[in-house]
Amino acid sequence: MSGRMTQGRRKSGGTDEKRLPKAVKHETEQLKRIEEMPLTASVKQNMEMCKKELGESPDIIYRELELNNGDNTPILLIYVQGMIDDERMNEFVIQPLHRDRYDVESQAQDMTMLKWMEKKLLATGIAVEVKDWKLIYQKLFLGYCIIMVEGVARAIAANVVGGPRRGIEEPKTEMVIRGPREGFTESVRANTAMLRRKIRSPRLWMEQVTIGDLTQTPVSFMYIKGLAGEDVIDDLRERLKSIEIDGILESGYIEELIGDQKWTPFPTVMSNERPDVIAANLLEGRVAVLVDGTPFVLVVPATLNVFFQSAEDYYQRFDIATFLRLLRFVSFFIALLMPSVYVAIIGYHQEMIPTQLLLKLAAQREGVPFPAYLEAFIMELVFEILREAVVRMPSAAGNTISIVGGLVIGQSVVEAGIVSPAVVIVVSFTAIASFVSPNYSLGIAARLLRFFLLLAASTLGFYGIALVTLFILLHLSNIRSFGVPYMTPFAPFVGPDLKDTFVRAPLWLMKERPQRIKSDNKVRQQVDPELRKEPGQ
Amino acid sequence: MGKTAGLNNSLITSGQAAKILFMFAMGSSTLILPTAVAAIAKQDSWLSFLIAGPINYFVLMIYLALNDRFPRMSFTQYAQKLIGVWAGKALSLTYIFFYLILSALVLRNISDFLGLSVLPQTPGWFINSTFMIVVGYGVFLGIETIARTGEILFTWGLIIIFVVLVLLSNQFNFHNFEPILYQGLMSPIKGSYPIIGFPIAEFVFFTSILPLITKQGKPKLRKDLKLVIVCLTFASTVMTVFLIGVMGVSEVSRSPFSVYDMAKYINIEEIVVRVEILVAIVWIGTVFMKLVLCVYALTVTTAQVLGLNTYRPLVMPYSVIIVPLSIFIYRNVAHTKEVAAGVWTLYSSVQGILFPLILLFIAVLTGKRDSEYGIFPSPENTDGKNAKDSPPAEQAEARKAESEAEQSERTEPEQSGEGQTEQEQSPPKPAGGQKSGQQSAASSDSQQSPRDQSDGSPPSDMGDQSASQTGQSEE
């Protein structure tokens, strides 16, 4: 299976050599040749070479120094302005270079100048020796400072990464009333550290790959060794490595490229920007994928059930959590089905409506020029347009739109007799219900499928709805996320896992981890047998 | 293929198999069966369903006994082993025809129902073709997906049926059952005649599902099937009890889709009225499952007769055949009743009970058994493209090696003669009987060839038993 996946993905990966224009291909080749060239021993020559290759970009600073060792050996520092921390650079790199003497004592100890710098001089956390341009560029654009010394065909890359970064803020997508307020940031290291701060275990392992020919984006994946299924990890590693693309700007790229199923509206990879949610998933034996440059962390394998779980479910008492969970499922079905059920009832099954209500509805619909399904379709479309407009607008203009959209269109369209008030009610309620879903990507599926259901309801009534629902059900039963059937634990039915689906069972009942994530260690809570003993025994 | 390959084999658990069997049976037995039964057994028709309960299991026993001898093969494949390749293929052709007719009938049932009660102005061919598209999609996706869908529909179907019955409880009238057994016990026994033909003999589709059940599921299979038969008997009996209690015998025997009509009686404070469409939706689900399974059995049997290594190319052509066939297979609903009550039981009993019994008899007499993998299309084709990755010959070889390795473990079916004797003598503890069989086999010579074991007394035991089964099922 994984073999098939890899092949499929390669085809869709962005930079297939054949598809690139000739000029670009030529340039890439040239770039590769230069990257493979070794460093020279002359600082001047290196600088010229570097300048030529980087197109004399002004943000790349070449700082020339002289070493304090008697014969003033020239030293060259290369760094990218804005990507380094200036103060750290001054204090821990430049100052030591000026101040300290490279003395005979060190030479006597058989220490080369670079080793001496690395071991004794530089006061930075990471300082590594680099030999070729490829590595130098990699480090340079990560925010390292490259140090070259005359007469040595090697360089040192010192970590002075800095520059402006967004701080830790409260996540915007999934608000909680009770629960931690921190959200992931755009820096992958800060994010992994946040997870480490939650799970302080030596078994929290991390692996890293660099994806994107041009963006060179660091992508890390974390898991708890012994909890996460080895085959999921192997599969993920394989899939990540087989991605060939020019750039990864957001974890959405990865999500789309590693997903099992290409043609599905349903998300098979979960994303979230809350460290507590990701930590909880790690504890259940899933694997988290962190991508540099985005606060959205991916979690695999993700089954349908996961998208109905909210962080707060576990921070509140189980009774209210269960109630909210049920509410969420109901809302999902409302968001999916309500307009089509309305259309089916009005168009085909009027007998289902109690007589009083039917008379009311009939009176409202009197004089409305369109059939019910067209009304519903128009209003759904209007709503989607409004929603998209409000999301993209600056918040100041957003208010205007909501007034224009909500009041003007909503009210006057009814007053003018173009659509009936019932449709407006149905569509607005659907809209509200669609916002209940804690996960945005599942809401998208409901949004898209709603239109298909509407179409089916307008042509075949309830029978149409049943058919499309069956179709969706078949599709849901068919797809998998990293080998785990998407509808687990409903189908295949896993009884014990039902404790965290429609209901959220009390924590003291959920003694085992979900079984079908193929995690290797099942027991989540274990009472020490010593404590269980009766006092007299 | 990674380590996840095991999950991708199209194998289903015993629970899933039991659930789809339930869905299959409910598909027809709730739709039109009560009408046919009520016409014969009147107010005692609920007893007919109780009587039919054990027969369900005895018919399944035939398939299970055959499956024990050929655990990895479907009906067509062991038929070819037992009575020769060409005779086996000829026999399979009758099954292909049977499944084809059955699929058309089921499709016609649902479209009749929808046309008469829900969508009176929609042309039948449109309902048929839209339904068939979804069914074809389901069959195309394979048995695993079908089984999972069945699991979900099973749960929802049960919930909705339960809700409907609860809502109906205020309309219940016990006087409708009187007089109980007015015409003696014979009338409910006669009433079970259509039940034998209707869902029970059609269970022969299950022979295509049995070889797909996981190795871990096999020991639990009998228990699960017994449970599901109990559930099925219970559900259909309760349903009939409600039908008679709510509508009265004369209504039930007149209405073509009685449960649907029963749901029309629901009236809670004039607010919850006319919710029969909910029942219709449940039916669409159960009939959908039944049709999917029929078409699956049809395509798989055809593929196996023709020696194809996948059934998928057949789904589309068969769908195109089934839709028009369903339109001219009956003239009208009255004709449906006539065929269902008169002809169908005989025809399907021949296919579903008689032929398998004869095969079982031959198997017992010749002592043939074979735990080799049949050339079953599905295991290598859950992910259609998967099969292309590795040449089929290699897979077949790997399979063979695996099956050989398992042969020593698979003492349970090899001992089936003995194991079953025990089991049938004490039905409540099948697992124990099997276990003891397994243990004794494990302790004794596990390399003993299957043939050696089967030429003792056990086969004759089996023969006796199958004869007794025939007796019981013909009652």
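Leaving aside residues up to four places away in sequence, Ala288(A) touches Phe221(A), Met222(A), Ile278(A), Asn281(A), Leu282(A), Val297(A), Leu298(A) and Val299(A); a contact here means C-beta atoms, placed from the backbone, within 7 Å. The model is a predicted one, where local features need pLDDT of at least 70, side-chain atom pairs count only at pLDDT 80 or more, and totals for chains, interfaces and linings use all residues. Residues are numbered from 1 along each chain as its sequence is written, while chains are lettered from A and ligands numbered from 1 in the order in which they are written.

Ala288(A) also turns up in the largest nonpolar core, which has 227 residues, as one of those with the most contacts inside it, alongside Val289(A), Val300(A), Ile465(A), Val292(B) and Cys294(B). Such a core is a set of buried Ala, Val, Leu, Ile, Met, Phe, Trp, Tyr and Cys residues joined through C-beta atoms within 7 Å, with buried meaning that 20 or more other C-beta atoms lie within 10 Å of a residue's own. The most, 20 residues, comes from helix H14 (residues 276-306) of chain B; helices are DSSP runs of H or I with at least four residues, and strands are E runs with at least two, numbered from the N terminus. Domain 2 (188-302) and domain 3 (318-485) of chain A each put in at least three residues. Another core, of 32 residues, lies apart from this one and includes Leu67(A) and Met117(A).

Next comes a sheet. Five strands of chain A form an open, antiparallel sheet in the order E6-E7-E9-E10-E8, where pairing takes at least two DSSP bridges between two strands. Strands E6 (204-211) and E8 (270-272) of chain A sit at the edges, each pairing on one side only. E8(A) is joined to strand E10 (residues 297-300) of chain A by 3 bridges, and Asn272(A) has Val297(A) as its bridge partner. Helix H11 (residues 275-283) of chain A lies across E7, E8, E9 and E10 of chain A, at about 50° to E7(A); axes are lines fitted to C-alpha atoms, for helices over the stretch in contact, and angles run from 0 to 180 degrees between N-to-C directions.

As for the domains, whose bounds come from an automatic or database assignment, the centres of domain 2 and domain 3 of chain A are 34 Å apart, taken over C-alpha atoms. In chain A, 17 residues of domain 2 are in contact with 15 residues of domain 3. H9(A) gives the largest share of the domain 2 side, 4 residues.

Terms used: A residue is buried if 20 or more other C-beta atoms lie within 10 Å of its own, exposed if 12 or fewer, and partly exposed in between; C-beta atoms are placed from the backbone. Two residues are in contact if their C-beta atoms, placed from the backbone, lie within 7 Å.
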